[in-house]
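Dear colleague,

I am passing on the structure we spoke about, and below it you will find my notes on what came out of the analysis. Please read them with the model open beside you.

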Amino acid sequence: MWNKEIETMSRKDMQALQLRRLQATVKRVYNKVPFYRKKLDEAGITPDSIKTLEDIKKIPFTVKDDLRDNYPFGLFAVPMKNIVRIHASSGTTGKPTTVGYTAADLDMWSECVARLATMAGATADDTAQIAFGYGLFTGAFGLHYGLEKIGATVIPMSSGNTEKQIMIMQDYKSTILVSTPSYALYMAEVMEDLGVKKSDICLKVGLFGAEGSTEEMRAELEKRWGIIATENYGMSELIGPGVSGECIHKTGMHINEDFFIPEIINSETGEVLPEGEFGELVITTVSKEGIPLLRYRTKDITCLMYEPCPCGRTSVRMHKIQGRTDDMLIIRGVNVFPTQVESVLLGIEHISPHYQLVVTKNGYIDELKVVVELEDSSLLDSFSRLESLEKHIRHKLHVVLGIDAKVQLAEPKTIERSVGKAKRVIDLRGEKQK
Ligand code: ADP
Ligand code: ZN
């Protein structure tokens, strides 16, 4: 363990620590950030209102639009001279939001990543190849400093230049790969195309994150690379990667609760849900200085698990993200998450793990088309086999999604590969159809 005292703390002690930090955070933002002062005043809350952890429920939510409305630095709680780093969200769902870090925030961030890397099995003996893009995006810098902190040798490759990634991986004997799951999959494909075998490389562990993926995708990555694939979670608004991460038991992602208080809410009513129920993850940061966030709605759907983990850590764990509320497609009134489609497709033979969902409107009716890539060209000259494959996929999708989707089989390697976050949904419903 990287920080045994914190990572194995009793629930009672953790809650006491969280309460102290929560009270201090509310007091700080009330005094330093006009946005919060106004919001808390309107809700009739002062710092003294927070007497127990339960009182967190009295605090109004903060949402992404609050960051957008105060773009770029309006929610910062310290003067700019104390800010030593700026990052921004990737802008997956609109205008990017900006965040600032004090020196203490950077230390806290490295601590979080050091913990998640250690729990995934990384040590000072490892060589970590960082294939997240360096830049305003938090992924690369976050993993970079955390892995350096544990003493690993860091290779700041950045994303892209995939053939070179494979060469460096062989030459420098990388043992850890840091990337999105979709990029790791693409890299595996390039490795195979280059005739490099997994036995030619030394990779042991994958630290994957920044986008959703399924257990089926994990199995695929573990098989193709011959590694243990672990997952970690975070978002720029909260710190970047390091909010939570999986240990080698892969029982969900351990949350760094001394810095982040999690809650799960019903995203329609805002009501806090009981343990074990799925809903939107809400996080309050309790030690951040640059841009503390109270009850921030992440839009990510998960649940919290408090049962003990075989690794001995006592922290609460979050389930794999089922989807972002933004990503959820409503097709003819039925909710569909891209991850459900991924689970189906990855269990079917003869198709590759690359896919795309295209949504259109035919008059008033939503139509979902799933574009699926053939694994190789062997089926291409048999119409009947193609037809039966298509039928089979359509049937499986129907069973899981409960709606009828069109299936389009695409030739091998025709769906665009991503080197960062994969774009899996193309929603054309807002656009004019021919
Ligand atoms: P953006 O919201 O523009 O993509 P970020 O780069 O800050 O900006 O990414 C944060 C988002 O990435 C999270 O809200 C979440 O949807 C997604 N994400 C990060 N890690 C994971 C993960 N392990 N599983 C699923 N989604 C993840
Ligand atoms: Zn564990």
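How much area do domain 1 and domain 2 bury between them, and what share of it lies on carbon and sulfur atoms? Please bear in mind throughout that this is a predicted model. The two domains bury about 1,700 Å² between them, and 57% of that area is on carbon and sulfur atoms. On the domain 1 side, Glu 189, Thr 214 and Glu 216 lose the most area to domain 2, and together they account for 23% of what that side buries.

The domain assignment places residues 68-326 in domain 1 and residues 334-427 in domain 2, and the centres of the two, taken over C-alpha atoms, are separated by 28 Å. Glu 189, already named for the area it loses to domain 2, has its side chain in a salt bridge with that of Arg 417, at 2.8 Å from N to O.

**The sheet that ends in S10**

Strands S10, S11, S12 and S15 form, in that order, an open sheet of 4 strands with antiparallel pairing. Its edge strands are S10 and S15 (323-324), each of which pairs on one side only.

**Helix H3 and its two sides**

Helix H3 (residues 34-42) has Phe 35, Tyr 36, Lys 39 and Leu 40 as its buried residues. Seen down the axis of H3, these buried residues fall within an arc of 115°, so they line one face of the helix. The face of H3 turned away from the buried side carries the exposed residues Pro 34, Lys 38 and Glu 42. What covers the buried residues of H3 includes helix H2 (11-32) and helix H4 (64-69). Just after H3, Gly 44 takes a positive phi of about 70°.

**Salt bridges elsewhere**

The structure holds 29 salt bridges, and a few of them are described here with the exposure of their partners. The side chains of Glu 54 and Lys 57 meet at 3.3 Å, N to O; Glu 54 counts as exposed at 52% relative accessibility, whereas Lys 57 is partly exposed, with a relative accessible area of 43%.

In helix H4, which was named above among the elements covering H3, Arg 68 and Asp 65 lie 3 residues apart, about one turn of the helix. Arg 68 forms a salt bridge with Asp 65, with the closest N and O atoms 3.5 Å apart, and both partners are partly exposed, Arg 68 with a relative accessible area of 21% and Asp 65 with 43%.

Glu 192 and Arg 224 form a further salt bridge, in which the closest N and O atoms are 2.9 Å apart. Glu 192 lies in helix H8 (residues 181-193) and Arg 224 in helix H9 (residues 215-225), so the pair ties together parts that are 32 residues apart in sequence. Glu 192 is partly exposed, at 38% relative accessible area, while Arg 224 is buried, at 16%. Finally, salt bridges that share partners join Lys 361, Asp 366, Asp 427 and Arg 429 into one network.

With kind regards

Technical notes. Residues are numbered from 1 along each chain as its sequence is written. Chains are lettered from A and ligands numbered from 1 in the order in which they are written. This is a predicted model: local features need pLDDT of at least 70, side-chain atom pairs count only at pLDDT 80 or more; totals for chains, interfaces and linings use all residues. Side-chain values use heavy atoms; hydrogens and water are left out. Buried means under 20% relative accessible area, exposed over 50%, partly exposed in between (1.4 Å probe, protein chains only). The arc is that of the directions from the helix axis to the C-beta atoms. Contact means heavy atoms within 4.5 Å. Domain bounds come from an automatic or database domain assignment. Buried area is the accessible area (1.4 Å probe) that two parts lose on being put together, summed over both. A salt bridge is a side-chain nitrogen of Lys or Arg within 4 Å of a carboxyl oxygen of Asp or Glu. Two strands pair if DSSP finds at least two bridges between them.
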